[in-house]
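Here is a short briefing on one model. Look it over first, then read the points below.

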Amino acid sequence: MSDNQNFFERVYEVARLIPYGRVTSYGAIAKYLGAARSARMVGWAMNNSSGKEVPAHRVVNRKGILTGKHHFEGTNLMQQLLENEGVEVIENQIQNFEKIYWDPAKEL
DNA sequence: ACGTTGACGTCGC
DNA sequence: CGCGACGCCAACG
């Protein structure tokens, strides 16, 4: 299944596996898929995931900053969704990022 | 058809 | 230890 799917679809699968109230980074997913240096593709995949059931709001960069919040509707929708899950976000910066960080390669 | 940008990350200095 | 540059691959202009 997964090995026959395209890179983008693999990203969607992992993104869907992100537990509630948890977040991960593009590089973590990319690395888990074997493309550690193609983190950008993960982001681009997320952009293509618009309309799909992929919790892209749970995916941030390695710093825990909502870099892609600008791609969501409104201006603070991404932050709203995260806060709705109990994730504290201040100035696009996730608080306790390392605490709620979910590494697929590690947890999965 | 070509050059540049882009939801990032790692390596180099 | 802090800042800069490069790399990945695809899409956009």
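Which element gives the largest share of the surface near DNA strand B? Helix H3 does, with six residues. This is a predicted model: local features need pLDDT of at least 70, side-chain atom pairs count only at pLDDT 80 or more, and totals for chains, interfaces and linings use all residues. Residues are numbered from 1 along each chain as its sequence is written, while chains are lettered from A and ligands numbered from 1 in the order in which they are written.

**DNA strand B**
- Around DNA strand B there are 19 residues, counted when the C-beta atom, placed from the backbone, lies within 6 Å of the strand.
- Gly 27, Gly 43, Met 46, Gly 68 and His 71 come nearest.
- Helix H2 (26–33) and helix H3 (39–48) each give two or more residues to this surface; helices are DSSP runs of H or I with at least four residues, strands are E runs of at least two, and both are numbered from the N terminus.
- By class, the surface has seven nonpolar, nine polar and three charged residues. Ala, Val, Leu, Ile, Met, Phe, Trp, Tyr, Cys and Pro count as nonpolar, Asp, Glu, Lys and Arg as charged, and the others, Gly among them, as polar.

**DNA strand C**
- Arg 37, Ser 38, Arg 40, Met 41 and Trp 44 surround DNA strand C.
- Two of the residues near DNA strand C are nonpolar, one is polar and two are charged.

**Helix H4**
- Met 78, Gln 79 and Leu 82 are buried in H4 (residues 77–84), with 20 or more other C-beta atoms within 10 Å of their own, C-beta atoms being placed from the backbone.

Conventions:
Buried ≥ 20, exposed ≤ 12 C-beta atoms within 10 Å, placed from the backbone.
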